[in-house]
Amino acid sequence: MTWRSPLALVRDALQGQRAREKELRSLTSNLPHEGQGRGTQPNRFFSSNAIKTTKYSLLFFIPMNLFEQFHRLANIYFVGLAILNFIPVVNAFQPEVALIPICVILSLTALKDAWEDFRRYQSDRRVNNMPCFIYSRKQKRFVERRWKDVRVGDFVKVVCNEIVPADLLLLYSSEPNGVCHIETANLDGETNLKQRTVVSGVCTTDRGFEPESFNSTVVCEKPNNNLNHFKCFVEKPNKEKLGAGIESLLLRGCTVRNTGHAVGFVVYAGHETKSMLNNGGSRSKRSKLERKLNIDVFFCVILLFTMCLVGSVGHYMWLESRTGSPPYLLPDSRSNSLASFHMFFTMIILLQILIPISLYLSIELVKIGQIFFIVNDIDLYDEETDSCMQCRALNITEDLGQIDYVFSDKTGTLTENKMVFRRCTIMGTEFPHKENAIRLAVLDEPESEEEIIFNQRPHSSQTAWSFEGEDAGPMDMHRRGQKKSKVVGTARSDVAFSSPLETEVVPDQNLVRQISRAESRGGSQRTDPYLDFFLALTICNTVVVSRATARRQRAGLSPCSSQTNNSFEALSDLVKKASLLIQRKSSRFRAQSQGPVIDSVRMESPADTNGLSPSVRPTAPAGSENLYYEAESPDEAALVHAARAYGFVLLARTPKNVSVRLPSGQVLDFEVLDVLTFDSNRKRMSVLVRHPITKECVLYTKGADFAIMELLGTPYAENLSKSHKNIASDTQRHLDGYAKEGFRTLCIAKKVVSEDEYRRWLVSRKSAQAAIEQKEQLIMDTAVQMETNLTLLGATGIEDRLQENVPDTTVALREAGIHVWVLTGDKLETAVNIGYACRLLEDEDLLISMSCKNKVTCTSSLDCNLEEMRRYSENPQNVGTIPNISLVIDGHTLAMVLSPDLQDRFVDLAKRCRTVLCCRMTPLQKSAVVKLVRDKLKVMTLAVGDGANDVNMIQAADVGVGISGQEGMQAVMASDFAISRFKHLKKLLLVHGHWCYTRLANMIIYFFYKNVAYVNLLFWYQFFCGFTGTAMIDYWLMIFFNLFFTSTPPIMFGIFDKDVSAEVLLGVPELYRTGQGKGEYNFLTFWISILDAFYQSLVGFFIPYWVYKDSDVDIFTFGTPLNTISLFTMLLHLSIEIKSWTVVHWIIMLGSVGLYFGVTLAYSAICVNCNPPSNAYWVLQSQMGDPMFYLVCTISTLVALLPRYTFHVLKNSISPSPLLQGRELDRMDPSTRDQWIREWRGFRGGGGGQVKRYQLSPPPSPTQETPVDFRPEFLNSAEATSDDFSLNVTTQRPVYT
Amino acid sequence: MMASSYNAKEEVDGHHPGSSNHGGTGPINSKKPDNTAFKQQRLPAWQPILTAGTVLPAFFVIGLIFIPIGIGLYVTSNNIKEFEIDYTGAEPNSPCYVCAQNFSWNSTTPCFCTVNFTLQQPFENNIYMYYGLSNFYQNHRRYVKSRDDKQLNGDSKALEEPSSDCEPYRKSGGAPVAPCGAIANSLFNDTLDLSYVETNGTSTPIELQKSGIAWWTDKHVKFKNPPGSNLSVAFQNTVKPVNWRRPVYELDPSNPDNNGFINEDLIVWMRTAALPTFRKLYRIIPKKSGAVSTLPSGSYSLRIAYNYPVLSFDGRKRMILSTISWMGGKNPFLGIAYITVGSICFFLGIVLLIINHKYGNRSSSAEIPN
């Protein structure tokens, strides 16, 4: 270590500060400076790769932890009181003793923090010491070092299955084409492979990468936490700038797969890496209950001050009335007013527990317990993905019981997001794929019937196949394979994209004929729309192909941290906040780990794609059929599989190249010129390729219909008989039909780009890519430039099947009084269809559809509908009948109604509707709707979604629920609760939400009651001791009373109490309504319990007072029965509130009583004069030898509880609450109960149905272009036209089975 | 007491009906939660429902138990004989008026006054003689604190250096006060002597027992004299509290074992009263052998060495004679309370009976309102 002047050090530090804060960083290689002092290192200012996530250091743990803890207001209050107690003029207790509660709480919290920090330290150490390879100039090779040795500017080599130690700019990959595959499961849970490419032009030699020759400067942006964006360019010595983006960045924490090795340049290290910046700790939201609780704590503060004021004034008056100098009054130099002023503070100390400090700690404990039970609920466990419920937010469990509005995404949330290719239309001709529909219908049948159906059906399919002179082999093979894989799938988990449901498509015979005709006409040499269509399906995507031989081996995964058999560990894991790298591994694509099993299945059915006709049988060896498509979006996979069924096989994809095998067996290698990736604004993606034969630049585009239709240019080819206009309109008609059947639609288009045009475009594209400022916008602009004058090829209809039990769940939520809104990006017709399928919409419902072109019509339509509804509800004839109105609105209209002047009207309209379906929504609109409803209606909202487009909405809602589905983990990462199926929402809300809410609400009310009741005993005593702040209960026993004797029962109550069983809550969702709105914890219940506390404390004080009045009782002998009475009153009060007594309840309740007597007896026996002013010695013993003690305790407890008990009895007998009736149901045996619920439901359903059926006169549509149509008719026509097989979406399961 | 029914829930071991388990048992590493009754919140539970029908018996039972207890308590309380006489001397015609007016803590000669009274009924058994003080806040917080239990426990270090709690009665003229503190300093120091005045005018002093008036544990465990055979030596470096006439080791000249900190009058006084009106046991008049009443009816005279000032702060001093029962002194309140509460419960029981009759059959066909 060389000596450096302090000035230089300061200058260096300032430089470093500046370098770190600069928007752009210029990084150069460390190699020329290897072995030199630190001061000369070019990248010394940037953080090293050693991470430290611990909050504390060993030395400063105590001060830092205390500082941390004093951020809590409650702790400051507590310490303030303790300090106050050290001031002699105001102290109420022995000052040292007054420190005990705060010390206990602080040290418990500190212990917890220390333990957590130690775990973090261990994890940090493990991570920092992981091995990696860094290039060393001295040794001329990569040497093994530790992660913590990596610095910015180093060259790091990562080998297959190794975790990337820092954010690396990929410079070299051992794979051809400079591709490196990574898995980002550690970061976002997505387990599909992603491709990263080397920065082009840096590594020019073929002999591998030589770090020493790297003499460019890497200029990159300041570190940020965006995992999907990275702006950077490499500036070569000759000033040439090479743009690089996220596609060249290997993120720390990712795992390299399928790649021999790769070399990267460290751009960010340690805490500046994107993964570390994303480690934002756990979410903390404040629940509604807690917000209300804080108001009540404030009331308690007012109450406390009032009581202290009474004490202070009382003391003054008492002092004033003292004549002479009584011997009990110690000489005091203070004036009476000063003494009473001091008394105010003494009173605060004495009555401090009126502010329920321990409540916050107790709530935390209760929530941990509640979460433990939610997470461990076997009904929320998904067998298929082997995932249990995750609670990511630890403090809003009770909000689940108060939800008024549920906002649901459609795709992946209501539906499986397992896309099945169903139909397509090419050049205006529809191919209905009936055979495929039959296959899907068969798959839909229960497994037991499978065999029979197969035996019945082969003829129809065989005839279809034999049309081409083909044997029935493929079908049989397919069946066998499918059955096998189904068995395999259920053993572990269902297969995401390898399951036959999604992957195998039975080709439509007409289409097969068309293709073969096109092929025979000259095949790939000529451009034929049919061939182009399938080529587009094959090429225009980002599907990654992997082969069975190259299947990646999964490295040993750290097991799910929340999965332990040990309940203690599970609990502690819950306590633990998010810590580095022990992130949950998602099991989304677990299917892929089943490679070998699936392989064997595949091997049995090698003919699944080549059984078309002899002429298109491929010449490629059978082994090459083991292709696996891994797509970021399931639609793409479905389309690729569909194309494969027609013989267009995607063989390989690299950033530069796509290999496609045509039905003829010919393999075409398309050079990929550019990929215009999907974004939610354009709603389309394109791939620009060079056709290997014609050498033309061809742009294939696929996207939402409206995103394509407006870009259509000249007709496809002049030689076609149909005019372009007809194709477009026919296609549009077919698309509408698909949407009505609930299919997702995609339009496929193509464009031949002239060489000149391409070159011109390329220039602007390059400059956009090298840009740092507004890079995204520029890139998008270039994409829009290119995507013009498209030629429509056709469209596809992909079915997304409803998840199981979705209708059941939505109906239950509706019965629970929850409004379910669906916010989807799909077409209006698709959304309506799904709405009917999942019973959000019923046939007899009135459907208002709003789709307006401009704001004026929008306003008038809103007013019109509102007026109609108002008129209806004001009509006395309609009292008691609730119209079931549903609103369907599209994104364009929504954007208008969300404007400030219309939003009030919209909300007014929407709140009268039972269901609102919003379609064509952008992610931002989704969150805007959620925010609008939440803020305007002041309701509790829950958003549930599975994809990245739902993240905004999930974050905007009070409760965000993520579904760990097919679309990555962003939604789960942003959510408060993560479930794996939509149906889990039912139990989560109706059962756990209800339980958590009632438990916590009742516990909090009880807690307030308990503290007020106990403190008031002390308060009443002040009237008899001259308001001098005397406590008649030994201070130790007072502390123990709160700390041990009465603390566990309410916590137990908050964790275990079960007012109504899960079965009844699920059977009668109406019970959920008890928690909505104000719920059980409201102004009234709070004040009733406070009043009850006052009453009980009066009884508990004055009955002993009258008994012991004018007797020789001493202070603490008098205090003992008071303490005992309040113990019994509190515990029995709780017993009245406890709804079900399990063995845990008994143990804790009896244990508390036992503990009280045990501890107090022991204390009274041992402590002769240990706590000076109070002489607890032998007090309880002498009292317990006195029969009067028992008589006093019995009658006081009884009188104290009599009103509450009687009130409960009378209320339960005269007007029982719904919950009580639920409990009565609980006591029936299960079969009678189910019977009863069914009958009751049937009665209500029948009765309600009549009420529901009513008609509004259709409001006149204000203008021609505003269709305010009524869906029922529309749907009927849709049903009439649709074929039999499309309806399997809408098959409704019986609701109560 | 409450409706009890153990709900037979699905049992622990069987798989939950909702979870399918086809295709084998699954891998060992499955994250599937344990299907135990505890984790699935299906522990067998007792779910009482408080309704009129189910709690009826409880009310009647309470009524039936409480009323007899109340009557018993009331009768017992009424059988306790209690006589109380106020000797404060506030009124001019009161015998102690003179003493009360000329009071000073420092006077060396005690002022005597005699109060005559008549017992209408004879008092049987052991009779407890109390002195009672009113408007005397022995429970004042600073007063309660003003003592040193260590010193009273015979700790010689605390004897020399009393606890700061005793301020300002901790030291006097540099020497430690024994016993220190305001409580000890304000020790009740009236002497009460009781004599039976026969009809012929001769008065027979009644024997008052000084021992046994304090708690046994206080006398033997909590309060101890400092070590040393001779008390005056043990206390030689200490001074008496300001208000005291005699040092602590001369509190009871008649009984050398009742001196120092274990003097029972001191012990009784040191057990601070809970309420501003209180009584403290002063003496016991033991039961006489045979069928003779302990205190036969007739005239008595109470001779008071009037040392303790209360009039300046509107206090009152009383002498109380009371027989005692298992429930302690006379207190009709508890008996009345029991009878009242018992009756209320009984009444509520009847009300509930009516309610149950009216609404009771409804519970079987519960209807959940929307």
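A: Across the interface of chain A and chain B, the rule finds five salt bridges, a salt bridge being a side-chain nitrogen of Lys or Arg within 4 Å of a carboxyl oxygen of Asp or Glu. This is a predicted model, where local features need pLDDT of at least 70 and side-chain atom pairs count only at pLDDT 80 or more, while totals for chains, interfaces and linings use all residues. Residues are numbered from 1 along each chain as its sequence is written, chains are lettered from A and ligands numbered from 1 in the order in which they are written, and side-chain values use heavy atoms, leaving out hydrogens and water.

Arg279(B) forms a salt bridge with Asp1110(A), with 3.3 Å between their closest N and O atoms. In total, 119 residues of chain A are in contact with 108 residues of chain B, contact meaning heavy atoms within 4.5 Å.

Now look at the whole model: over all chains, the count comes to 62 salt bridges. In chain A, Arg120(A) and Asp117(A) meet in one of 3.0 Å, N to O. These two sit three residues apart in helix α5 (residues 100-128) of chain A, so about one helical turn separates them. An α-helix has 3.6 residues a turn, so residues three or four places apart point the same way. Arg120(A) is buried at 10% relative accessible area, and Asp117(A) is buried too, at 6%; buried means under 20%, exposed over 50% and partly exposed in between, using a 1.4 Å probe and protein chains only.

Lys239(A) forms a salt bridge with Glu235(A), the closest N and O atoms being 3.9 Å apart.

In chain B, Arg316(B) pairs with Asp86(B) at 3.7 Å between the closest N and O atoms. Arg316(B) lies in strand β10 (residues 316-323) and Asp86(B) in strand β1 (residues 82-86), so this pair ties together parts 230 residues apart in sequence. Both are partly exposed, Arg316(B) at 28% and Asp86(B) at 41%.

Finally, back in chain A, salt bridges that share partners join Glu867(A), Arg870(A), Asp908(A), Lys911(A) and Arg912(A) into one network.

Methods:
Helix = DSSP H or I, 4+ residues; strand = E, 2+ residues; numbered from the N terminus.
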